[in-house]
Amino acid sequence: MLHSMRFGLTLLFVSFFLLSLTTLDTNDMLDASQTMTEVELGQKLFFDPILSLDSTIACASCHKPAFAFADSVAFSHGVNDGLATRNTPSIMNMYSRPYFFYDGRAATLEEQVIVPIENPVEMNLSYEVAVQRIQENEEYHLLFQKIYETQPDSNNIAYALAAFQNSLESNGSAPLDQWMNEIDLTALTASQIRGREIFISDESKCFECHFGPDFTGDEFKNIGLYDGINLLDKGRFEITRDSADLGKFKVPGLRNVGLTAPYMHNGMFKTLEEVIDFYSDPYDFVKDPINLDPLMVEPLNFTEQEKEDLVNFLHALSDGDIPFREVGDE
Ligand code: HEC
Ligand code: HEC
């Protein structure tokens, strides 16, 4: 009896403690600014529609945490019903990338930030006006002062957004990492282990382009998705004007690829099964590709079992936990 009363008192005490924690959580902005880090400031900007013309679209409207910071449609919606012209990629694991966008037109994340803000079909706001808005926002003003010891400007807004994006690195929770690091030798199924062997084999050639910790060599390659008839995006060529670059796109990293459907710069494949069907015989999908990579010329003609194993392997690259996954789950 006495015991249970003491227990009751402890419970009461604990709930008071928890209550005080929740009030701390919803504290006023002064308190927040005292502890907020550069990454958290970038996070706030990333989820804030203030950076779009009519304040309806945030970075996170297209780069959705629920899909490893990609979108689930071929082309994302921007302001005024605008449609992006390429598929929205995941922006996890950007830290080691030497350039950004499918055509590599931005060299740094800081430089990249301005593009979606000013893009008429994305956020459609001049960067100058965006900076001004942040400056006029009392809460941001305070936060930037605290973190950068100066008012918000065109540089530090980009720094904050880049810092947040650089924090979105995979954390070793994918089944493949668990298995490779011998943390859990049962993390991969027999099919996934077979799929991995196919993926890294000389015959499949996947690894010739998708290698390194993030499964990309950060090169531009043409896998046959440009034919000048139905498939018109010239990719890297638009930047270099070098005919050798016709139809080349940045090789995307494959971490979390199981979460980022649809696939390719134009979102033309709805599932990983379709992607593997394509790699099995690209000519089934595009009859006369222009400037196709020599590695892709001979169809691989995978068996049904090999296709299944490859798809299962790709799912083993999905992190167990994705930051902010519970946010923006649409
Ligand atoms: C309307 C949808 C949309 C919005 C809003 C948007 N993006 Fe994107 N983002 C895209 C698309 C589409 C691409 C690919 C464009 C290309 O490659 O030409 C992209 C590419 C990127 C990339 C390059 C990824 C890579 O693999 O090279 C980064 C980084 C990025 N966005 C960050 C941001 C940030 C930061 C914001 C907010 C300031 C933002 N995006 C707002 C759709 C969007
Ligand atoms: C010659 C280089 C090359 C080879 C070989 C290659 N890939 Fe790719 N891969 C690319 C490029 C480039 C893209 C992006 C093309 C685009 O968006 O138009 C891509 C895209 C993908 C995607 C879609 C990613 C996304 O986010 O949209 C998957 C999945 C993929 N490759 C898996 C594989 C597998 C599995 C193999 C082996 C069977 C393979 N790749 C072989 C260069 C290559």
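## Arg241 and its loop

In this predicted model, Arg241 lies in the loop that runs between helix α13, which covers residues 237-240, and strand β2, which covers residues 249-250. The backbone of Arg241 has a positive phi of about 60°, although Arg241 is not a glycine. Most residues other than glycine have a negative phi, and most peptide bonds are trans. Is Arg241 buried or exposed? Arg241 counts as exposed because 9 other C-beta atoms lie within 10 Å, and a residue with 12 or fewer is placed in that class.

## Two further backbone features

Phe69 also has a positive phi, with a value near 65°, and is likewise a residue other than glycine. The position of Phe69 is in the loop between α4 and α5.

Pro262 belongs to the loop between β2 and α14.

## The overall fold

The protein contains 15 helices and two strands. Of its 330 residues, 37% are buried. If one considers the contacts between residues at least 6 apart in sequence, 65% of them join residues that are at least 24 apart.

## Helix α9 and its surroundings

Helix α9 has 13 residues, and from its first C-alpha to its last it reaches 19 Å, which is close to the 18 Å expected at 1.5 Å a residue. Which residues of α9 are buried? They are Asn156, Ile157, Ala158, Ala160, Leu161, Ala162, Phe164 and Gln165. The elements that cover these buried residues include α3 (38-46), α5, α7 (127-136) and α8 (138-148). Helix α3, in turn, has its own buried residues, namely Leu41, Gly42, Gln43, Leu45 and Phe46, and what covers them includes α4, α8 and α9.

Asn166 is also found in helix α9, but Asn166 counts as partly exposed because it has 15 C-beta neighbours inside 10 Å. Although Asn166 and Met94 are 72 residues apart in sequence, their C-alpha atoms are 6.2 Å apart in space. When neighbours within four places in sequence are left aside, Asn166 is in contact with Met94, Tyr95 and Leu109.

## The nonpolar cores

The largest nonpolar core has 38 residues, and those that touch the most other members are Leu45, Ala68, Met123, Ile157 and Leu161. Helices α3, α4, α7, α8 and α9 each supply at least two residues of this core, and α9 gives the most, with six residues. Leu161 touches Gly42, Leu45, Phe46 and Val113, if residues up to four places away in sequence are not counted. There is also a second, separate core of 25 residues, which includes Ile223, Leu225, Tyr226 and Leu310.

## The shell around ligand 1

How many residues surround ligand 1? There are 26 of them, and the closest are Cys59, Cys62, Phe101, Tyr102 and Pro116. Helices α4 (59-62), α5 (109-112), α6 (114-118) and α9 (154-166) each supply at least two residues of this shell, and the largest share, three residues, comes from α4. By type, the residues of the shell around ligand 1 divide into 17 nonpolar, seven polar and two charged.

## The shell around ligand 2

Ligand 2 has 26 residues around it, of which Cys206, Cys209, Tyr263, Met264 and His265 come nearest. In this shell, at least two residues each are supplied by α12 (206-209), α14 (272-280) and α15 (304-315), while α12 provides the largest share, three residues. The residues of the shell around ligand 2 divide into 18 nonpolar, four polar and four charged.

Technical notes. Residues numbered from 1 in each chain as written. Chains lettered and ligands numbered in written order. Predicted model: local features only at pLDDT ≥ 70, side-chain atom pairs only at ≥ 80, totals over all residues. Near = placed C-beta within 6 Å. Helix = DSSP H or I, 4+ residues; strand = E, 2+ residues; numbered from the N terminus. Nonpolar A, V, L, I, M, F, W, Y, C, P; charged D, E, K, R; others polar. Expected span 1.5 Å × (residues − 1). Buried ≥ 20, exposed ≤ 12 C-beta atoms within 10 Å, placed from the backbone. Contact = placed C-beta atoms within 7 Å. Core = buried A, V, L, I, M, F, W, Y, C linked by C-beta atoms within 7 Å.
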